[in-house]
Amino acid sequence: MTLLVTGGAGFIGGNFVLDWLAQPEAEPVVNLDKLTYAGNLETLASLHGDTRHHFVRGDIADQALMAQLLADHQPRAVINFAAESHVDRSILGPETFVQTNVVGSFRLLEAVRHYWGSLQGAARADFRFLHVSTDEVYGSLGPGDAAFTEDHRYEPNSPYSASKAASDHLVRAYHHTYGLPVLTTNCSNNYGPFHFPEKLIPLMIVNALAGKPLPVYGDGLQVRDWLYVKDHCSAICRVLQAGRVGQVYNVGGWNEKANIEIVHTVCQLLDELRPRSDGQSYGTQITHVTDRPGHDRRYAIDASRLHQELGWKPAETFDSGIRKTVRWYLDHPGWVERVQSGAYREWVQTQYGAAA
Ligand code: NAD
Ligand code: DAU
């Protein structure tokens with residue numbers, strides 16, 4: 001029995017593969033990743049020599065490759081993490097988002113549909129396609145609105161969330177039309193180890209330590225619902241194990257925070273764990289910059305279904321998770337340094353200009 005994971009060299013997929021293979025009786029993982037700027041094999045370095053991990057560089061949009069991998073490895077499940085994932089990049093260059101998140105997901109579904117159609121008996125009955133998606137497909141909430149349930153209508157506002165919404169719809173349609181045994185998870189903002197420093201929390205840690213400005217978009221009062229990445233991974237395991245075929249599960253940490261509060265928390269932890277040599281707080285580096293176009297004001301996830309049906313709940317509080325995260329970045333300067341390649345520096349210059 002094997003799992004086929006796509007996007008397993010990225011932030012969440014990488015954490016998932018590491019956590020999965022840390023289980024003593026874990027099934028082997030075939031890990032397919034295109035290694036875009038966001039894919040990093042160094043995240044998987046601890047698996048070097050582990051015969052249960054088989055890495056393949058490739059594109060989910062390469063249907064022939066996906067069909068070959070499925071035929072060769074006969075996985076009992078496919079977990080699709082592969083995506084373009086950064087909202088700001090989708091605003092500056094939406095096409096790769098459509099290519100990977102829409103066309104790529106479609107081609108992957110096609111390959112999986114044909115593979116699943118070739119299976120017999122228990123292999124066919126037990127097969128699952130788990131699609132990893134986002135709360136951003138539901139749009140933006142007002143201050144007093146109830147948190148997103150799985151029945152909230154789709155109102156994506158960025159090219160990123162629109163492309164993810166399209167992939168969710170394809171997954172739904174492949175179940176409805178062809179009977180493909182799918183599961184979909186829609187999760188809130190993740191944070192934790194191996195997070196690429198273009199996203200809010202790792203960017204703030206890395207910039208603070210480098211003595212750079214901490215760029216807060218607009219008034220910084222936009223709200224996100226934060227979940228420690230390993231809790232997201234445990235939710236995916238639980239849905240894979242016991243989720244109802246065709247069902248959608250929201251995943252969230254019940255941890256709504258305004259961005260500015262997150263940035264202050266990161267600064268306070270750094271003040272405690274790695275004080276600045278001049279005795280000043282890292283908070284003095286906070287700089288308000290031009291807001292993200294079309295910036296969603298608030299996300300909040302109602303994860304009751306996952307809790308009530310499958311008994312899942314997060315292990316970390318925000319306080320414990322953010323402390324672990326800041327500690328991890330302080331303990332892994334080599335990972336951070338190497339991930340900040342030429343391509344990364346180019347992106348920072350394009351996005352933040354003089355404030356970089
Ligand atoms: P990431 O950008 O860190 O990683 C994406 C990975 O996919 C990278 O390793 C990249 O190389 C790979 N990839 C990109 N295009 C590919 C292609 N065409 N074929 C094969 N591999 C390709 O993203 P992440 O934060 O780990 O997110 C993983 C998934 O979870 C995404 O689908 C994202 O939409 C979803 N999600 C993310 C969050 C979050 O807070 N980061 C929250 C909810 C859902
Ligand atoms: O909600 C889930 C989503 O969370 C995932 O689907 C996405 O893949 C993931 O990237 C994340 O999207 P966000 O846009 O919420 O994450 P990001 O870290 O880019 O931004 C978090 C908030 O912080 C957002 O309101 C924008 C703000 N921000 C971000 C950056 C990078 C800033 O204020 N300054 C910044 O420099």
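Helices and strands are here DSSP runs, numbered from the N terminus, with a helix holding at least four residues and a strand at least two. On that basis, helix α7 of this predicted model is followed by G211, whose phi is positive, near 75°. The helix itself spans residues 200-209 and is mostly covered, with eight of its 10 residues buried. These buried residues are I201, P202, L203, M204, I205, V206, N207 and A208.

The shell around ligand 2 counts 24 residues, and D135, Y160, R292, H295 and Y352 come nearest. By class, the shell divides into 10 nonpolar, eight polar and six charged residues. Several polar contacts can be picked out. An N or O atom in the side chain of Y160 is 2.6 Å from an oxygen atom of ligand 2, and a polar side-chain atom of R292 lies 2.6 Å from an oxygen atom of this ligand. The backbone takes part as well, with an N or O atom of S85 lying 2.7 Å from an oxygen atom of ligand 2. On its own, ligand 2 has 680 Å² of accessible area, and the protein covers 95% of it.

Turning to ligand 1, 28 residues surround it, and I12, D33, S85, Y160 and K164 are the closest. The shell holds 12 nonpolar, 12 polar and four charged residues. Backbone atoms supply the contacts described here: a backbone N or O atom of G10 lies 3.0 Å from an oxygen atom of ligand 1, a polar backbone atom of F81 is 3.2 Å from a ligand oxygen, and for V132 the corresponding distance is 3.4 Å. Taken alone, ligand 1 exposes 830 Å², of which the protein buries 96%. The elements that give two or more residues to its shell are α1 (11-21), β5 (128-134), α6 (159-178) and β7 (189-191). Strand β5 gives the most, with three residues.

E27 is found between α1 and β2 (29-33). With a relative accessible area of 17%, E27 falls under the 20% cut-off and therefore counts as buried. Its side chain makes a polar contact with the side chain of R76, at 2.7 Å. Leaving aside neighbours within four places in sequence, E27 is in contact with M1, W20, L21 and R76.

Terms used: Residues are numbered from 1 along each chain as its sequence is written. Chains are lettered from A and ligands numbered from 1 in the order in which they are written. This is a predicted model: local features need pLDDT of at least 70, side-chain atom pairs count only at pLDDT 80 or more; totals for chains, interfaces and linings use all residues. Side-chain values use heavy atoms; hydrogens and water are left out. A residue is near a molecule or strand if one of its heavy atoms lies within 4 Å of it. A polar contact is a pair of N or O atoms within 3.5 Å; within protein, one must be able to donate a hydrogen and the other to accept it, and residues adjacent in sequence count only if both atoms are side-chain atoms. Accessible areas come from the Shrake-Rupley method with a 1.4 Å probe; for residues, only the protein chains shown count as cover. Ala, Val, Leu, Ile, Met, Phe, Trp, Tyr, Cys and Pro count as nonpolar, Asp, Glu, Lys and Arg as charged, and the others, Gly among them, as polar. Buried means under 20% relative accessible area, exposed over 50%, partly exposed in between (1.4 Å probe, protein chains only). Contact means heavy atoms within 4.5 Å.
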